[in-house]
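Please open the model in your viewer and keep the sequence beside it, so that each selection can be followed in both. The tour goes from the overall fold to a few places inside it.

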Amino acid sequence: MTCTLVNAAIKWSIKAQHVCWDLSSVGFLSVVTMLSKKEKKLIKEIWERLTPVAEDIGSDALLRMFASYPGTKTYFSHLDISPGSAHLYSHGKKIVLAIAEGAKDISQLTVTLAPLQTLHAYQLRIDPTNFKLLSHCMLVTLACYLGEEFTPVAHAAIDKYLSAFAAVLSEKYR
């Protein structure tokens, strides 16, 4: 897929900055209340559709993050994260499946992500900023993959959801 779609998504994002959300300081409950029923349904449908290609979507988003933010590679020094590697596809799939699982019932996101909160905060000690970075890279990947179906409405809804996802993963750090 060409970068034309990515450029279009970025241009739209710049034009409509009020729609691009950084809700990490707002908190999970506020984000959930900001999502309409229509947005929650759209989010669920998009992630259900992406589940069969979870490896591709997840690995692409990770590669974008590693290329754009090289410091994030340090958490993966024990894995082969080269393009096309089994580790990259496996971890990418885990990420997308976790996002898709959370999208099934956004109001229960804290419960759904509780094991991942503990893992990332206490065992892996991931800098919570990286969740935001991955969210941004995931948005670009989705823009490439979904093309014209990644409408401004879908973009805004997914952006809010990924912000909530990142906020929930970061809660154990406080």
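Helices (H or I, at least four residues) and strands (E, at least two) are DSSP runs, numbered from the N terminus. The model shown is a predicted one, in which local features need pLDDT of at least 70 and side-chain atom pairs count only at pLDDT 80 or more, while totals for chains, interfaces and linings use all residues. Residues are numbered from 1 along each chain as its sequence is written, and side-chain values use heavy atoms, with hydrogens and water left out.

Among the contacts (heavy atoms within 4.5 Å) with a separation of 6 or more, 79% are between residues 24 or more positions apart.

Next, select Ala154, which is found in helix 8. Is Ala154 buried or exposed? Its relative accessibility is 1%, so Ala154 counts as buried. Apart from neighbours within four places in sequence, Ala154 is in contact with Leu42, Ile46 and Glu149; Leu42 lies 112 residues away from Ala154 in sequence, yet the two are 7.1 Å apart in space, C-alpha to C-alpha.

Now show helix 3 together with helix 8. Their axes (lines fitted to C-alpha atoms, for helices over the stretch in contact, with angles from 0 to 180 degrees between N-to-C directions) are 9 Å apart and at an angle of about 85 degrees. The two helices are therefore roughly perpendicular to each other, the word for 65 to 115 degrees, where angles under 35 count as roughly parallel, over 145 as roughly antiparallel and the rest as oblique. On the side of helix 3, Glu39, Leu42, Ile43, Ile46 and Trp47 meet Val153, Ala154, Ala157, Ile158, Lys160, Tyr161 and Leu162 of helix 8.

Move on to helix 4 and helix 5, which pack with their axes 7 Å apart at an angle of about 105 degrees. That makes helix 4 roughly perpendicular to helix 5. Residues of helix 4 in this contact include Leu62, Leu63 and Phe66, and those of helix 5 include Tyr89, His91 and Val96.

Which of its 45 residues touch the most other members? They are Ile43, Trp47, Met138, Leu142, Ile158 and Tyr161. Helix 8 gives the most to this core, with ten residues. Centre the view on Trp47, which touches Val96, Ile99, Ala100, Ala103, Met138, Leu142, Ile158, Tyr161 and Leu162, not counting residues up to four places away in sequence.

Finish at helix 7, where Asn130 lies. Asn130 counts as buried because its relative accessibility is 12%, and beyond its neighbours within four places in sequence Asn130 is in contact with Met65, Thr72 and Tyr75. Select also Cys137, buried at 3% relative accessibility, and Cys144, buried at 10%. With a disulfide taken as a pair of cysteine sulfur atoms within 2.5 Å, the count comes to zero.

Methods. Buried means under 20% relative accessible area, exposed over 50%, partly exposed in between (1.4 Å probe, protein chains only). A nonpolar core is a set of buried Ala, Val, Leu, Ile, Met, Phe, Trp, Tyr and Cys residues joined through side-chain atoms within 4.5 Å.
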